[in-house]
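Here is a report on a predicted two-chain model. Please read it beside the sequence and the coordinates.

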Amino acid sequence: MTNYIVRRILASLPVIFGILVAVFVITRLLPGDPCRALLGEKATEAACAAFNARYGFDQPMIVQFVTYIRQVLTGDLGDSIRFGVPVTQLIVDRLPTTIELATISLTIATFFGIKLGVRSATKRNSRTDVSTMIFANLGVSIPVFVLGLLLAYFFAVILKDTPIALPPANRYSAGVIPTEIAVAWGLGGLQGPLRGLLDFISNMAIPNAILTLNPGNLVDAVRHLILPSVALATIPMAVIARITRSSLLDVLGSDYIRTARAKGLSEREVVAKHALRNALLPVATIVGLSLGGLLSGAVLTETIFGFAGIGRTISDAITARDYVVVQGVTVIVSIGYVVVNLIVDISYAYLDPRVRINS
Amino acid sequence: MSGARASSRVQTPFRRALRSFLEQRTARVGLALLGVLLIAALGADVFASYSPIDVLIDKEPGAVRLAGPCISLFGCEGPQHIFGLDNNVRDVFSRVLHGARLSLQVGFLTVGFAIVLGSLIGAVSGFVGGWVDNLLMRIMDVLLAFPSLLLAIAIVTVIGPGLINTQLAIGVVAIPIYARVMRASVLSLRDREFVAASRALGASETSILFRKVLPNALTPIIVQGTLGIGGAILDVAALSFLGLGAQPPTAEWGSMIGADRNLLFSSPHVVIFPGIAITMTVLAFNLVGDGLRDALDPRLQR
């Protein structure tokens, strides 16, 4: 097992290096003058020369590349052109919101996706099966931004004065101000990495409300999270339901299931104890892979629901042509994606011995 | 199999696949949706009484911004706008219809681009093998390591917004999928007898690859491509929604929704109709793609 883990980690290093190279190539070698892109079409020659000197664009490509790699390795992703703050600071401030949204969405998607898939497979060709698959097909076909807008319209406008109305935008209601965890715990003077960690968690609304023992904020934070996380969860949920269904149908046709049935086990036991365990392995891979879609979807969901997350940061940076931010966030999010998939692969190998022996 | 041989008409592989495709209800639904879409796209000028970019404010008495749907069949007396008017007083119905044309074009062009480049890379990779294979596949791995929409956004931010650039970016991001599929098919064909036979007859390696191996490796690519069209349409619409793709006043579904999304609460029709159009289009390609996969995948024919 250790052997497998080490090999997988070593194999992902070139991919991470490749990501750095790819982002560098995209931003430096493709047509399009960064100066004109950032300062506008009418920038003067002198302004551009100063700009190029400041960002090192006048250096030879190889020098630029080495500088860039050195900066990334030391955690320097440059300064946002619009805000003037380091990109790393922006990421630390805004990533927690996205992590919270993505985690809740992935939980919803996995839980309900598997449930729907199992129900569909065990009642094959029934009305439940057909309607679940229609739902799954619609779910993978509707764009996140359309679903998000429709949900917002339905729950905030049509159901406006009912008890189940939900807020269509922002992370908190106006006037609700979260307390920093460190401050609430009387550790306001704390510095260093521990404080950084507490601040990071502070930026996630639900953990914040729980850790600062603020039930009012908790209710508010949860209510604001429902619509965006449902919108974001729908596509992965539909995909997971489809994979669970086909994988479970495959397993249910195998010999050992026939044996289990012949032993006189109830259908429920056959599915839950024997079939599902094997059927869920491909589902685990899909859950890991959905993360990429989830991050892409977060760009759209956060834009629609006005969340100050990393996805919104990207779409704002696009509008402002702040491409230092786009570049830095792309690097970090992509590396994060590789790391998460690495973890998924390793846990997959842990669950299924065949994987680590065959590879 | 024996039944097929006994029947009076010859069961060509094509005919068998077609029958197995049409036997699926979902595939038929997809095909019907696709038909509607094609008719809408081809007949957009006939069915829509307005130009998609015509601002009607001074041209038509009573035309107001964001007017809701007005259908004479349901007793509406003003000029007929069955999907209403948008924020710039343009007819939403004709914009949605013309958007169908654009979306189909976008879907086929983007996927076509990715298929051509991806197949070429995958075929060379699988056929030549060795360090070429290794290098090409590592590059593909890196491209696959990015969350796709994010990479596309990064590319478009750098090369500049616009529909062509967006298609290019989405196409580039999709290349590794086709490269992998093609490589896998080529690997399975490379050592088959008919390839050895061509080689023995003195055919050049290039001619073997392009004349013998590639044509036989196309089926999985076609299936993947059909499924990919829906995804490409979704991604291009998403980038247009963010303002990176089609630029105003082009009638593109994603940018229609993006431009008027803040007006959703007062005039939902500006979002709902293009939204339904995207969903139905993507659904159509997904259903047809699933149907093709089930009809063509030999492993599924039991």
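## Chain contact

Two residues are in contact if their C-beta atoms, placed from the backbone, lie within 7 Å. On that basis the interface takes 40 residues from chain A and 37 residues from chain B. On the chain A side, the elements giving two or more residues are helix H1 (2-29), helix H6 (127-141), helix H7 (144-158), helix H13 (267-305), helix H14 (310-319) and helix H15 (323-351). Helices (H or I, at least four residues) and strands (E, at least two) are DSSP runs, numbered from the N terminus.

The side of chain A that touches chain B has 28 nonpolar, twelve polar and no charged residues. Here Ala, Val, Leu, Ile, Met, Phe, Trp, Tyr, Cys and Pro count as nonpolar; Asp, Glu, Lys and Arg count as charged; the others, Gly among them, count as polar.

## Confidence and conventions

This is a predicted model: local features need pLDDT of at least 70, side-chain atom pairs count only at pLDDT 80 or more, and totals for chains, interfaces and linings use all residues. Residues are numbered from 1 along each chain as its sequence is written, while chains are lettered from A and ligands numbered from 1 in the order in which they are written.

The predictor gives the complex an ipTM of 0.86 and a pTM of 0.86. pLDDT is the predictor's confidence in each residue, from 0 to 100. Chain B has a mean pLDDT of 85, with 95% of its residues at 70 or more. Where pLDDT is low, the predicted coordinates should not be read in detail.

## Chain A overall

Chain A has 16 helices and zero strands. Its C-alpha atoms fill a box of roughly 85 × 55 × 45 Å along the principal axes. Of its 359 residues, 37% count as buried. A residue is buried if 20 or more other C-beta atoms lie within 10 Å of its own, exposed if 12 or fewer, and partly exposed in between. Among contacts in chain A with a separation of 6 or more, 73% join residues 24 or more positions apart.

## Helix packing around H13(A)

Axes are lines fitted to C-alpha atoms, for helices over the stretch in contact, and angles run from 0 to 180 degrees between N-to-C directions. H13(A) and H15(A) pack at about 175°, with axes 10 Å apart. That makes H13(A) roughly antiparallel to H15(A) (the cut-off is over 145 degrees). Contact residues include A:Gly288 and A:Gly292 of H13(A) and A:Tyr337 and A:Asn341 of H15(A). The contact has ten nonpolar, four polar and no charged residues.

Helix H5 (residues 87-122) of chain A also packs on H13(A), at about 145° with axes 9 Å apart. Among the contact residues are A:Leu101 and A:Ser105 of H5(A) and A:Val283 and A:Val287 of H13(A). They divide into 13 nonpolar, five polar and no charged.

## Backbone exceptions

Most residues other than glycine have a negative phi, and most peptide bonds are trans. A:Asn125 has phi near 65°. A:Asn125 sits in the loop between H5 and H6 of chain A. With 8 C-beta neighbours inside 10 Å, A:Asn125 counts as exposed. A:Asn170 has phi near 70°. A:Asn170 lies in the loop between H7 and helix H8 (181-184) of chain A. A:Asn170 counts as partly exposed, with 13 C-beta neighbours inside 10 Å.

In chain B, the peptide bond from B:Pro248 to B:Pro249 is cis, with omega near 5°. B:Pro249 lies in the loop between helix H11 (218-241) and helix H12 (253-260) of chain B.

Definitions and conventions: Angles under 35 degrees count as roughly parallel, over 145 as roughly antiparallel, 65 to 115 as roughly perpendicular and the rest as oblique.
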